[in-house]
Amino acid sequence: MNERHVDLEILRYDPETDEEPAFQTYRVPCQEDWVVLDAVNYVKDVLDRTLSYRWSCHMAVCGSCGMMINGEPMLSCKAFVRDMPDRIRIEPLANFPIERDLVVVTDDFMDKLASVKPYLIPREEKAIEDGAHVQTPAQLKKFKQYTLCINCTLCYAACPQYAHDQNFTGPAALALAHRYNLDSQDVGRGAREDVVASNAGIWECSFVGACSDVCPHEVDPAGAIQQTKIASTVDYFMGLLTPERDR
Amino acid sequence: MSRRPYRRAVSTTSWWLARPRYIRYMAREVSCVFIGAYTAVVVVGLVRLSDGAAAWGAFLESLQAPVSVAFHLLALAFALYHTVTWFNVTPKAMPVQFGEAQLPGGVIIGAHYTGWALVSALVLFLAGV
C-alpha cells in the first residue's frame, strides 16, 4: 500500500503548564485507507504518548472523535486523509472550552440536552403484559431522521449563534426535542415547550444552516428547528383563538 | 491534576468570513437593507405622486440617474438572491408527508414559485397592467 507523509498540526493545551493552546506539528506516514483518526492514533502510539483526545468506535457511530479538521467540524474517523492536503490542521471542536489538547468540555451540551426532556413521555404507563406500543411505518417516518443523532456536537461547533450566545439551546438538543414531539407515542410537547419555544430556544436560531451541513448522519437540525418554529407559531395563534384549548 | 478549561475567543466582527456558508448567510441577511431602502424609495415616490404631476415627473427623472439605476439593479439582485435561497429551504421547514411517502422538495419549491407568480399576476391585474 502507498505511504504518504502528512504534517499534522495539532493544537495542544496542558492546563497544568500552558497559559494558552499552541500548535505542535507531527510528520506522520499515512496509508491510503487511513482516516484522520488513524493518523492521530499514530501520533499517540508512536510519536507522542502525551496527546489527549477522545475516540471509541472508529465507525461514525459513537460520536466521540469530533475535531476541527482544517477548520471544519468533522468526525475524525470519517475524514479520509487521502482527501486532505499534505498539511492537516487539527483543533478541538470550536465553541467548547478546551479541557486538554483535543478534549473539550461538553457539560453545557449535556445540560441542554437534558433540559429538552429527550425521552418518551407517554400518555400513560403501560405494563409489559399489556403488549407492545403500536406505531405505523408512516408514524415512524415522521421522526426517524431525527433519531439518527449521535450527540457528536459537530453542529454546536459549526453554529455561529452558539458561538456568540452560549445560552442558545442549540441544534442537536432542539432536533431531539422535535424528534420526541413528532413521535405518536409521546405527549410531552407541552412539557418541552418552556425550553424549546423560549428566546434561548428555537427563536435564537437565525437559520444559518451550518449545523445541517456538518451533521455526519444528515439529521438536519436546521430543518427541525424551522419546523418547530412553525408549530410553535401555530400554537401561539391557536392559543389566542381558543384560550381554553387543552394542549 | 487540576482543571483549567481554556475558552478560545470568537471574533464578533469577522466570524462570518470563516466559511462560505456564513458568507452566504450574511448575504441573505444583508439583503433586507437593500429591500428596506427600495421600500423607502417607493414610499418617497408615493409622496411625490401626491404632490402633483410636476413632482412625480421629477421623481421619475431622478430614478434614471446612473446611481439610481445601479441601486435598483443591486436591490433586484439581493431580492432575487433572498427569494431563491428562501424558497430553496422551504422543503426543510415545511416537509409534506403522504402516508410513508415524502413529497419531493422540488414540488414544494415549485408551489412557492407558482404562488409568487399568481400573486404577482393579481397585483399587476389590480394595477391595470
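Chain A is divided into domain 1 (3-104) and domain 2 (107-241), with bounds that come from an automatic or database domain assignment. The structure is a predicted model, in which local features need pLDDT of at least 70, side-chain atom pairs count only at pLDDT 80 or more, and totals for chains, interfaces and linings use all residues. Residues are numbered from 1 along each chain as its sequence is written, while chains are lettered from A and ligands numbered from 1 in the order in which they are written.

The C-alpha centres of domain 1 of chain A and domain 2 of chain A are 30 Å apart. Domain 1 of chain A brings 14 residues to the contact and domain 2 of chain A brings 13 residues, two residues being in contact if their C-beta atoms, placed from the backbone, lie within 7 Å. On the side of domain 1 of chain A that touches domain 2 of chain A, β3 and β4 (72-75) of chain A each supply at least two residues; strands (E, at least two residues) and helices (H or I, at least four) are DSSP runs numbered from the N terminus. The most residues on this side come from β4(A), with 4. By type, this side of domain 1 of chain A has 9 nonpolar, 3 polar and 2 charged residues; Ala, Val, Leu, Ile, Met, Phe, Trp, Tyr, Cys and Pro count as nonpolar, Asp, Glu, Lys and Arg as charged, and the others, Gly among them, as polar.

A60(A), which is not a glycine, has a positive phi of about 55 degrees. A60(A) is placed in the loop between α1 (36-47) and β3 (66-69) of chain A. K117(A), also a residue other than glycine, has a positive phi near 50 degrees and is found in the loop between α2 (107-115) and α3 (137-144) of chain A.
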